[in-house]
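Please take a moment to look over the structure before reading on.

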Amino acid sequence: MKGTLAQLRSYERSVQLLMVNQFTINLGFYMLMPYLAAHLSGTLGLAGWLVGLVLGVRNFSQQGMFLVGGTLADRLGYKPMIVAGCLLRTIGFATLGLVDSLPALIAASAATGLAGALFNPAVRAYLAADAGERRVEAFALFNVFYQAGILLGPLVGMVLTGVDFRITCLVAAGIFALLSIVQIRALPARRAEDAKAKDGDGRQSVLAQWRGILANRPFLLFSGAMIGSYVLSFQVYLALPLEVRRLGGDGEFGTAAVAVLFAVSGLSTILGQTRVTAWCKARFEPGQALIRGLAVMGLAFVPLLLATAVPVPESGAGLWLLAAVPPTLAALLLAVGTMIAYPFEMDTIVRLSGDRLVATHYGLYNTICGIGITLGNLLTGAALDAARAAGMPALPWISLFALGLACAAALYGLHRTGRLASPVVERRPATV
């Protein structure tokens, strides 16, 4: 931990603040969102499909507006979008705790999603700009703070929700309100034009900018190849908990084993991310690190695949070990694969953008991967159902293993053909 703090202090104030901001953003978000569905269905008595609608609106508004949020960040500056997103989430979280009518809940859910679309691309573009040549290391450290918020948030939320979910909502809203004030006062203003907009990007229309990005074939190919990494990493929340509960049941053991999955994933990143990144950077090119990261994520499902060949005990310690150990190993390997790939992934987006309209590129990238996660989870769910119906428990693990290797192969092709290298950007003369 001392090494992490020492590394944090080595960056300038804006980068330090962005790291702490992201920890606080995730703390506030994850102390509330894991318990929202239970509040909607239990306390408010909403039907299951209405709960799904409220939660789906949040996801749709965030994924659908990432491109707009990134574009606004490039045109208006990073700080205004970060502050606006935090203020909007303050309003959305407070509303979720104070209202019980469906229209108000849907509006609040949409506000929380739009908030993420506003500040996420801006934060990453700001970090990339101010970290400079230390971009890869900065994104590794950023992921440590990101995961720390994810790990601590549900624990705080569990304590507060045990008293009253409305208290959780108001405390989360208060965190975002305080964060907004701190950023207004302490975060330096930063515009994309400060770095690379002397070539006329700021004078282009939004549609012209979007057409230019959509014509960036290496960026689109890279985005498509990386979808699999998000589908695979999301299985910590979908397929792995379902597998634990399939074998271990829904009782105390199942709940504890699922908690261990999340703890292993978060703690391994907090403790190992910066070391893994330093090791990889010393040995591999960015494209090679990405290939290895995706390959490890695919291999994460081999323990589950091998476990399907073991007879399932009826009860006892054998059943508990079979239910807990393979999913935990899978969660650990997914975390390692993500640690390898993530900093180089964020850096590659900046390089493929030609260091222009970086927030817009991040926005489109998030939208593409978000759509991929949705489709991937639908297919994963279908594979899990088909496996149960056909008595073929290995089917989903074979599919996910193949997905990881296919994405690694796609990245290998992009790397070998030079498509992951920085493009040669033609600079237009400034007009007088």
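**Aromatic pairs, core and a kinked helix**

In this predicted model, F142 and Y146 both belong to helix α7 (residues 135-163), where they stand 4 residues apart, about one turn of the helix. An α-helix has 3.6 residues a turn, so residues three or four places apart point the same way. The ring centres of F142 and Y146 are 6.3 Å apart and the planes meet at 40 degrees, so this pair is tilted. F142 is buried, at 0% relative accessibility, whereas Y146, with a relative accessible area of 22%, is partly exposed.

Across the whole structure, a search finds 13 aromatic pairs. Another of them is formed by Y78 and Y126, whose ring centres lie 5.9 Å apart with planes at 40 degrees, so that it too is tilted. Because Y78 lies in helix α5 (residues 78-98) and Y126 in helix α6, this pair ties together parts that are 48 residues apart in sequence. Y78 is buried at 3% relative accessibility, and Y126 is buried at 0%.

The largest nonpolar core has 86 residues, and M19 is among those with the most contacts inside it; helix α6 (residues 102-131) supplies the largest share, 12 residues. Beyond its neighbours within four places in sequence, M19 is in contact with residues that include F142 and L127.

Helix α11 (residues 217-233) has a kink of about 25 degrees, centred on A225. Among the buried residues of α11 are F222, A225 and M226, and the elements that cover its buried residues include α10 (206-214) and α14 (286-299).

Notes. Residues numbered from 1 in each chain as written. Predicted model: local features only at pLDDT ≥ 70, side-chain atom pairs only at ≥ 80, totals over all residues. Heavy atoms only, no water. Core = buried A, V, L, I, M, F, W, Y, C linked by side-chain atoms within 4.5 Å. Buried < 20%, exposed > 50% of the residue type's maximum accessible area, 1.4 Å probe, protein only. Helix = DSSP H or I, 4+ residues; strand = E, 2+ residues; numbered from the N terminus. Contact = heavy atoms within 4.5 Å. Expected span 1.5 Å × (residues − 1). Bend = angle between axes of the 7 residues up to and from the residue. Phe/Tyr/Trp six-rings, centres within 6.5 Å; stacked < 30°, edge-to-face > 60°.
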